[in-house]
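Welcome, and thanks for taking a look at this one. Please open the sequence and the structure side by side, and then walk through the points below.

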Amino acid sequence: MYTDKAVRLVLENGMVFQGRSFGAEKMTSGEVVFNTAMVGYPENLTDPSYEGQILTLTYPIIGNYGVPANNQVDGISDFFESERIHVNGLIVQEYSREYSHWNAVKSLDEWLREENVPGIYGIDTRMLTKVLREKGSMLGKIVYDDADDIPYYDPESENLVDKVSCKQIIEYKQGEKKVVLVDCGVKHNIIRQLLSKNLHLIRVPWDYDFSGIDYDGLFITNGPGSPDYCGATVEHLRKAMAGDKPIFGICMGNQLLAKAAGAKVYKLKYGHRGANQPVRKAGTNTCYVTSQNHGYAVDDKTLDGDWLPYFVNMNDATNEGIRHLSKPFFSVQFHPEAAAGPTDTEFFFDDFVKLL
Ligand SMILES: NC(=O)CC[C@H](N)C(=O)O
């Protein structure tokens, strides 16, 4: 049974939200962010880009479809986005004790306890989200009424990419075309997508100098925290950009490609996290609904003349992708692999394969 103790969510601006615990019986701290998707907690909790964050789900009833089994083929899980839960804590309005789904094998509460991650329910997540939208993302902590306080933890005080990237090269051999995947904290659905295109994937750590590999294309993954920690990746990308082999980046990959191109990246007030973020292809009226999870954005006004903005967010007009004018280099800030979310932009994987 879940812990169900009186616990508090405390924000760095002093606001306190009273709730009750589920999941692991443990206090926690991190950056409090919110995701507006209605479904997708198994994918979101295991997305490495959420490392160190306390995730608020704005959909008011969470847990009612349980959690799937962690079946894996070659280390790639069927339904999760990595090997473990990456959030430091989970904030929900109502936790559904009952669950029912064809592939559910356990409750969300059981899974959180197994992975030693605390949850808090009974929080007015609409009010909390309004606070985060007005004041910006904030540090926060989940603390117990009957225990000593803990300090705030700022996930941006350390290199999170180094924590979640693979530690050595992993090869997935299938087709003839060789793609180097620079792993900044890759979501498994990116690997599933690329393998479904029959590629020979060589997954390398974020700071690996891949220039010695004879590859056909380069892929830069998503990843947690500030892109400023990934100077090594940016240096390697710059060297690759002197040639003309195709480069495709997603999310952190967009930010790192932009930095390699000389542009600036800044932190958004509260980020984009959800499954219905509208983007428009620059210079057209073509729009897509996308899955997103990012706190930083590229300042595309700082791109030099060889680069163009590729997509624009229709809510706040921030950059959602860049492309090179003449070379086959492009990246998107949103998630074409979805997981969770709409698959409308999955065609980018085919676009990339056609360039190889
Ligand atoms: N999903 C991602 O790759 C996120 C990139 C980066 N950590 C950000 O928050 O903007």
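The ligand sits in the largest cavity. Please keep in mind that this is a predicted model. The briefing begins with the ligand and its surroundings, then turns to a helix and to a few single residues.

**The ligand and its shell**

- Helix H7 (252–260) and strand E20 (287–299) are the elements that give two or more residues to the shell around the ligand.
- Strand E20 gives the most to this shell, with 4 residues.
- There are 13 residues around the ligand, and those that come nearest are Gly223, Gly225, Cys251, Gly295 and Tyr296.
- Sorted by class, the shell holds 9 polar residues, 4 nonpolar residues and no charged ones.

**Polar atoms facing the ligand**

- Which atom of glycine 223 lies 2.8 Å from a nitrogen atom of the ligand? It is a polar backbone atom of glycine 223.
- Asparagine 293 also takes part through its backbone, with an N or O atom 2.8 Å from a nitrogen atom of the ligand.
- Histidine 335 uses its side chain instead: a polar atom there lies 3.5 Å from a nitrogen atom of the ligand.
- On its own the ligand has 290 Å² of accessible area, and the protein covers 97% of that.

**Helix H5**

- Is helix H5 (residues 188–196) largely enclosed or largely open? Helix H5 is largely enclosed by the rest of the structure, because 7 of its 9 residues are buried.
- The buried residues of H5 are His188, Asn189, Ile190 and Ile191, together with Gln193, Leu194 and Leu195.
- Just after H5 comes asparagine 198, which takes a positive phi of about 65 degrees.

**Strand E19: glutamine 277**

- Strand E19 spans residues 264–281, and glutamine 277 lies in this strand.
- Is glutamine 277 buried or exposed? Its relative accessibility is 10%, so glutamine 277 counts as buried, the cut-off being under 20%.
- The side chain of glutamine 277 has a partner: it makes a polar contact with the side chain of asparagine 313, at 3.0 Å.

**Strand E11: valine 105 and lysine 106**

- Valine 105 is found in strand E11 (residues 104–106), and lysine 106 has its place in strand E11 too.
- Valine 105 has a relative accessible area of 48%, so it is partly exposed.
- Lysine 106 has a relative accessible area of 16% and is therefore buried.
- The side chain of lysine 106 makes a polar contact with the side chain of glutamate 114, at 2.8 Å.
- To place valine 105 in the overall model, take alanine 242 as a reference point: the two are 137 residues apart in sequence, and their C-alpha atoms are 50 Å apart in space.

**The loop with glycine 122**

- Where is glycine 122? Glycine 122 has its place in the loop between strand E12 (118–121) and helix H3 (125–135).
- With 45% relative accessibility, glycine 122 counts as partly exposed.
- Glycine 122 and phenylalanine 17 are 105 residues apart in sequence, while the distance in space is 9.0 Å from C-alpha to C-alpha.

Technical notes: Residues numbered from 1 in each chain as written. Predicted model: local features only at pLDDT ≥ 70, side-chain atom pairs only at ≥ 80, totals over all residues. Heavy atoms only, no water. Near = heavy atom within 4 Å. Polar contact = N/O pair within 3.5 Å; in protein donor to acceptor, adjacent residues only side chain to side chain. Areas by Shrake-Rupley, 256 points an atom, 1.4 Å probe, with all protein chains shown as cover. 1 Å grid on protein atoms, 1.4 Å probe; cavity = no way out; pocket = protein on both sides within 12 Å on 5 of 7 lines; lining within 4 Å. Sits in = over half its atoms within 2 Å of the grid points. Nonpolar A, V, L, I, M, F, W, Y, C, P; charged D, E, K, R; others polar. Buried < 20%, exposed > 50% of the residue type's maximum accessible area, 1.4 Å probe, protein only.
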